[in-house]
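Here are my notes on the chain you sent over. Have the coordinates open while you read, and check the points against your own viewer.

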Amino acid sequence: MAIAMDLDADDAAHADLASARFVHLRHPGDSNLIQLSRRDEKLRGLLLHLVGQGFLVYKFSGDGGAVTSFVHAAAAPRFWAKHTHFGLLEHDGACYRLELPAHGRARRLLVIFSSMSQVDQMYEAGFSARYFARNLSQAPKYMPWDTAILRIADLGGVVGAFYTDTLAQPDNEARISALIAKVIADLGIAMDHVVLYGASKGASGALLHSLRTGLNAVCVEPILADDYYVRRYRDSHFTRGVFPRDKRELFTGLLAADCPAARRVVIHSRQSPQLPYIQQIGMASRQGRDIAFIDVQNPEIKDHPDVAPASLGLQVTLLNQLLCGMDIADAQIDALRASNRC
């Protein structure tokens, strides 16, 4: 069995990789294949060919020529968890970190889905830079003292799987939902004291898995369609050829279906280019009638990535209330909407 294969870029498209777990690809250029593929369509096609067969970029070496290394998704979770030093764990192909309260047992659970990494890290070769942005890093300071924090890595695709199924990993959603259920059961936490949270890509994951599981969620500017990033930024999220369907189709179907009831809040901004998608796909949907949408207006918001930092106080308010099992009354939502207008 070929565990590792060394290939030249010209040979990779025709190589039999069925038994490979690692591929070390020699290619032209002076940076990793993800970065190069943003300006070279031929290399982009090669990258997507390997990703389509289940391989994920995990390392780059420029010594003696450019080599981008891939590991197969079947081996990646254990491989990644084994080679990190920040408490990363693996369960059934999902990678995560679980932070327990300093004293006593956990009675609440905050599940954090990673956003897209910062621009200077989004195309890095290492897994931790691309797949595991540690948002809300000071969460233990702002949440009830008995709150456990589950951070789930977005392992899959090129720069992330948006916590959805991909062509190469068609059971990704089921495995992530199963991980959340396992942690809830292991800690013995009531569902009313569990909240899913994320911003941007993480918000897409939080909303998706709330609709799947019936768990409460606070979602900050979820990306509900691929269109904007495909057109404006030449598919900067690498969605074409990686996913079985566009997120517009995915979320339109989910939001039109029967889903378990839950308290769901979507924080968004009319100052963001994501507004039309949130309106058309989210607000206008069947499930959207039961979701509280809060429009945050702030002079600091110039683009989509600004919404999360500009609404941090609002997020903490909502998260604490939901973690404590409290309902969110219509009057409170109206007050929050009014207080976040310019």
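The points below go from the whole chain down to single residues.

1. Ground rules. This is a predicted model, so to speak, with local features needing pLDDT of at least 70 and side-chain atom pairs counting only at pLDDT 80 or more, while totals for chains, interfaces and linings use all residues. Residues are numbered from 1 along each chain as its sequence is written, and side-chain values use heavy atoms, with hydrogens and water left out.

2. Overall build. The chain's secondary structure amounts to 15 helices and 12 strands; these are DSSP runs numbered from the N terminus, helices being H or I with at least four residues and strands E with at least two. The C-alpha trace spans about 65 × 45 × 35 Å along its principal axes. For 342 residues, a compact globule would have a radius of gyration near 20 Å, and the chain agrees, since it has 20 Å. That radius is taken over C-alpha atoms, and the globule rule is 2.2 Å times the number of residues to the power 0.38.

3. Burial and surface. Of the 342 residues, 56% count as buried. The cut-offs are under 20% relative accessible area for buried, over 50% for exposed, and partly exposed in between, with a 1.4 Å probe and protein chains only. The accessible surface is about 14,600 Å², and carbon and sulfur atoms own 51% of that. Those areas come from the Shrake-Rupley method with a 1.4 Å probe, and for residues only the protein chains shown count as cover.

4. Contacts and charges. Take the contacts (heavy atoms within 4.5 Å) between residues at least 6 apart in sequence: 66% join residues at least 24 apart. On the charge side, there are 36 positive and 36 negative side chains, and the centres of the two sets lie 3 Å apart. Lys and Arg count as positive, Asp and Glu as negative, and His and the chain ends are not counted. Each charge is placed at NZ of Lys, CZ of Arg, CG of Asp or CD of Glu.

5. Aromatic pairs. How many aromatic pairs does a search of the whole structure find? It finds 14. Rings of Phe, Tyr and Trp (its six-membered ring) pair if their centres lie within 6.5 Å; planes under 30 degrees apart are stacked, over 60 edge-to-face, and the rest tilted. Phe86 and Phe132 are a stacked pair, 5.9 Å centre to centre with 25 degrees between the planes. Phe86 sits in the loop between helix H4 (76-82) and strand E5 (89-91), and Phe132 in the loop between helix H6 (127-131) and helix H7 (139-142), so the pair ties together parts 46 residues apart in sequence. Phe132 is buried, at 2% relative accessibility. For an edge-to-face pair, look at Tyr228 and Tyr229: their ring centres are 5.1 Å apart and their planes at 90 degrees. Both Tyr228 and Tyr229 are buried. There is also a cluster, in which ring pairs link Trp80, Phe86, Phe127, Tyr131 and Phe132.

6. Phe251. This residue belongs to helix H11 (residues 247-256) and is buried, with 0% relative accessibility. Leaving out residues up to four places away in sequence, Phe251 touches Ser204, Leu207, Leu208, Ile223, Leu224 and Ile281.

7. His209. Here we are in helix H9 (residues 201-213), and His209 is buried too, at 0% relative accessibility. Beyond residues up to four places away in sequence, its contacts include Phe113, Tyr163, Glu173 and Ile176. His209 and Leu254 are 45 residues apart in sequence and 10 Å apart in space, C-alpha to C-alpha.

8. Backbone angles to check. Leu136 has a positive phi of about 50 degrees although it is not a glycine. Leu136 is in the loop between H6 and H7 and is buried at 13% relative accessible area. Arg234 likewise is not a glycine and has a positive phi of about 50 degrees. Arg234 falls in the loop between helix H10 (227-232) and H11, and at 48% relative accessibility is partly exposed.

9. Ala74. Is this one buried or exposed? Ala74 is exposed, at 56% relative accessibility, and lies in the loop between strand E4 (67-72) and H4. Ala74 and Thr147 are 73 residues apart in sequence and 32 Å apart in space, C-alpha to C-alpha.
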